[in-house]
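Work through the exercises below with the structure open. Try each task before reading its solution.

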Amino acid sequence: MKKLLKGLAVSLLAISLVGCGGDTAGTEAAGETAAAQEGAAEASGETKTIGICLPTQELARCLKDQEYLTEFLNEMGYEVDVQFAKGDAATQVSQIENMITNGVAGVIISPWNGDALTTAVQKCHDAGIPAIAYDALIMNTPYIEYYSADDLEGIGGLQAQFIVDTLDVENSTEPYTIEIFSGDQADNNANYFYSGAMNILQPYIDAGKLQVLSGQTDRNTTATPEWSGSKAQSRMDTILSTYYLDQDIDAVLTQNDDLAAGVISACKSAGYGTEDKPLPITTGQDCTIAALKSILAGEQTMTVYKDIRTLAQNASYIIDCLVKGETPELENTVTYNNGAVDVTATRVEPIALTVDNLEELIIGNNFYTAEEIGLE
Ligand code: BGC
């Protein structure tokens, strides 16, 4: 197996790609294919550049996206032009336009605002430059055919099932209390996380086994603008001081690590975090360094480990095929409708990370060093 697959917990993952134009199956074969294509981008004598558009440098995960995409594309013989949109839709549009002017061979776009790129993607199409969506979908355009995605509903389902299993809701005679914190209203991913979670929680809520004392369960009322931890914190402050005066909260479905951090701060301010009044179960995703430290400290209960390496590998494979004018051969795909067309998406299986498997997943997969997460 080539360096391309170094450190991957391959056997745990739902693998979706096979060789571009080949007849092999499975990731190992895909890795070999990609490795065999090493240098193919230079075959014409001219090194091609792939534009990588990432939403912001502020999110730790985006730095991982940059690192892995660069590594895979370089291995395939491409140069990369990485741009961070600084959390601004207009900046991302002009970065894509500059890439077109500079003659990139293809673009991988992780949108800051998936609704704001219709024209930019149309310009890529008009210039004959393939563009694919990465991590979040690009909406309302027929010119995005492929999307390197996580299993979005699966992530929400994993978070919800974790709560249900940890509390043993099924066998409990007493009801448990729960609140829900979903992501930014404009983030299409958050809709899927939400529906994946509610498919599991709603039957227990309906049966009275889980009680949402605030009554706030729909996507709108649970949404957290900009995925802001401090906005989650102030909503949680209000919920606790209004609805949880006589009863403790047992669990909070928080869709990512930033929301979990805000909710945990609010709970601590309200006196949670002692033996008599333990912190509620909280969920997350992204494996931020802060969340991993919080899990090690016994505060946040879980996060979802999303294998960014495989996400980047899938995107690199797809864009390489498209640049060569070939059709990617993909397995285990789903489609997401972006308002204009059904977009073919690869999926990376999410994994629940707790204090028990933290070291194995994070250190074992070279996600962070032990030092970075304060283990040495
Ligand atoms: C991503 C999550 C991230 C969230 C906030 C979502 O679209 O899938 O990984 O936590 O945005 O940045």
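This is a predicted model: local features need pLDDT of at least 70, side-chain atom pairs count only at pLDDT 80 or more; totals for chains, interfaces and linings use all residues.

Residues are numbered from 1 along each chain as its sequence is written, and side-chain values use heavy atoms, without hydrogens or water.

**Exercise 1. State how many helices and strands the protein has, and what share of its residues is buried.**

Solution. The protein has twelve helices and 13 strands. Next, accessibility: buried means under 20% relative accessible area, exposed over 50%, partly exposed in between (1.4 Å probe, protein chains only). Of the 376 residues, 54% count as buried. Last, contacts, meaning heavy atoms within 4.5 Å. Among contacts between residues at least 6 apart in sequence, 73% join residues at least 24 apart.

**Exercise 2. Classify the packing of helices H3 and H4.**

Solution. Locate H3 at residues 89–101 and H4 at residues 118–126. Axes are lines fitted to C-alpha atoms over the stretch in contact, and angles between N-to-C directions run from 0 to 180 degrees. The H3 and H4 axes are 9 Å apart, at an angle of about 5°. Angles under 35 degrees count as roughly parallel, over 145 as roughly antiparallel, 65 to 115 as roughly perpendicular and the rest as oblique. H3 and H4 are therefore roughly parallel. Now list the contact: Val-93, Ile-96, Glu-97 and Ile-100 in H3 meet Ala-120, Lys-123 and Cys-124 in H4. These residues divide into five nonpolar, no polar and two charged. (Ala, Val, Leu, Ile, Met, Phe, Trp, Tyr, Cys and Pro count as nonpolar, Asp, Glu, Lys and Arg as charged, the others, Gly among them, as polar.)

**Exercise 3. Determine the geometry of the ring pair Tyr-192 and Tyr-336.**

Solution. Apply the rule: rings of Phe, Tyr and Trp (its six-membered ring) pair if their centres lie within 6.5 Å; planes under 30 degrees apart count as stacked, over 60 as edge-to-face, the rest as tilted. The count comes to five aromatic pairs. For Tyr-192 and Tyr-336, the centres are 4.8 Å apart and the planes at 70°, so the pair is edge-to-face. Tyr-192 is in helix H6 (residues 188–206) and Tyr-336 in strand E11 (residues 334–337), 144 residues apart. Tyr-336 is buried, at 7% relative accessible area. Ring pairs also link Tyr-147 with Tyr-192 and Tyr-336 into a cluster.

**Exercise 4. Find which rings Lys-64 and Arg-235 sit over.**

Solution. The test needs NZ of Lys or CZ of Arg within 6 Å of the ring centre and within 35 degrees of the ring normal. The charged end of Lys-64 sits over Phe-367, 5.7 Å from the ring centre. For Arg-235 the ring is that of Phe-181, at 4.2 Å.

**Exercise 5. Give the phi values of Asn-140 and Asp-168.**

Solution. Most residues other than glycine have a negative phi. Asn-140 has a positive phi of about 55°. Asn-140 lies in the loop between strands E4 and E5 and is partly exposed, at 40%. Phi of Asp-168 is near 50°. Asp-168 lies in the loop between helix H5 and strand E6 and is partly exposed, at 36%.

Definitions and conventions:
Helices (H or I, at least four residues) and strands (E, at least two) are DSSP runs, numbered from the N terminus.
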